[in-house]
Amino acid sequence: MDPRSEVLLRQAELFSGDLLLAGLPADDLLGQLPGAVGWSWHAGVQHSLQTRFAGRCTFGVEPPTAPFDSAVLFLPKSRELTDFLLNALAARLPGRLLYLVGEKRAGVERAAKQLTPFGEARKLDSARHCQLWQVKVTNSPPAPELPTLAQRFELSLADGPLQIISLPGVFSHGRLDRGTALLLDQLDGLPAGKLLDFGCGAGIVGASLKKRYPESEVVMLDVDAFAVESSRMTLAANGLQAQVIAGDGIDAAPEDCAAIISNPPFHQGVHTHYEASEALLQRAASHIRPGGELRLVANAFLKYPPLIEAHLGRCETLITADGFRIYRAQRA
Ligand SMILES: C[S@@+](CC[C@H](N)C(=O)[O-])C[C@H]1O[C@@H](n2cnc3c(N)ncnc32)[C@H](O)[C@@H]1O
């Protein structure tokens, strides 16, 4: 059980009604709270909960439309995303209770200050390195409109300008990451066919690929619903067509790709997770057609080449700059 869920279950009597668990972990909390439903924006969590508690969790960037009497937000990483989520929930709970739970090292104490516009917040519990906060929503805000919270910026690419739209919580929100910038400079000579942008974020790489290779089918994949929505917005803003998939890891990707291009994930929340990137390197070969390639950017300190060579083929470094490397490997 996730420690945040354990903290909720210490006060289970508070959570017996029609409760919405927003951003819940993939544990047994729905099993322990039969009146609760979930809202997830993580495709892996959603898949796991759907398998075990069919129909009790919805996936997306907006709260489920069905009414709820109270809600718990599991603190996400981004302050801006927290702000959107708290407002979206408080808008649905006038006169009712909204809770916030999170790990201390994730900054729950600081995030609890974001409850004060809605009413008087109080700390209910502190255990398992987590805190649980509650506010009675005496000052219910209007429902926030997600597109108004998007950040927009323009990239000047060799193929022309590209509008980027990113939503709160999405990687490198509102700006171009240095690693991504390096990757954008190294997109020449990709094989023709299906191109996969793995971990597409706001869609910068995928949209650039479609602009550079308009004849190629571009597929973009991300685990996060806000990234998927951002990528769709970026494509639309540039009049580009590509398939955008919400999925967890390389196993959710199509097969027979001519190339997989990625700035792969290596941070998630307060924990560092390499699993999705390691799985990508280990299993990319089964999604790349013979002669196709994997091209990625990574921090120079990450030991990716031995993994790539063990599972795909010879790994070439195209460039090293600003602490990043661009790797290229071809499937035999
Ligand atoms: C380093 S960011 C790169 C984003 C974008 N390509 C760019 O360069 O701006 C990595 C992305 O991988 C996504 N991600 C993390 N874990 C994932 C997983 N298991 N499956 C698919 N995408 C994942 C994150 O949501 C994030 O958008």
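Reader: How many residue pairs are in polar contact across the interface of domain 1 and domain 2?

Author: A polar contact is a pair of N or O atoms within 3.5 Å; within protein, one must be able to donate a hydrogen and the other to accept it, and residues adjacent in sequence count only if both atoms are side-chain atoms. Here the rule finds 2 residue pairs, both at pLDDT 80 or more. This is a predicted model: local features need pLDDT of at least 70, side-chain atom pairs count only at pLDDT 80 or more, and totals for chains, interfaces and linings use all residues. Residues are numbered from 1 along each chain as its sequence is written, and side-chain values use heavy atoms, with hydrogens and water left out.

Reader: How many salt bridges cross the interface of domain 1 and domain 2?

Author: A salt bridge puts a side-chain nitrogen of Lys or Arg within 4 Å of a carboxyl oxygen of Asp or Glu. Across this interface the rule finds 0.

Reader: Where do the domains run?

Author: Domain bounds come from an automatic or database domain assignment. Domain 1 is 3–143 and domain 2 is 147–330. Each gives 16 residues to the contact (heavy atoms within 4.5 Å).

Reader: What area do domain 1 and domain 2 bury between them?

Author: The size of an interface is often given as the accessible area lost when the parts come together. Buried area uses a 1.4 Å probe and is summed over both parts. Domain 1 and domain 2 bury about 1,300 Å², 73% of it on carbon and sulfur atoms.

Reader: Which helices each supply at least two residues of the side of domain 1 that touches domain 2?

Author: Helices are DSSP runs (H or I, at least four residues), numbered from the N terminus. Helix 3 (43–52) and helix 4 (79–90) do. Helix 4 gives the most, with 4 residues.

How values were computed: Buried area = accessible area lost by both parts, 1.4 Å probe.
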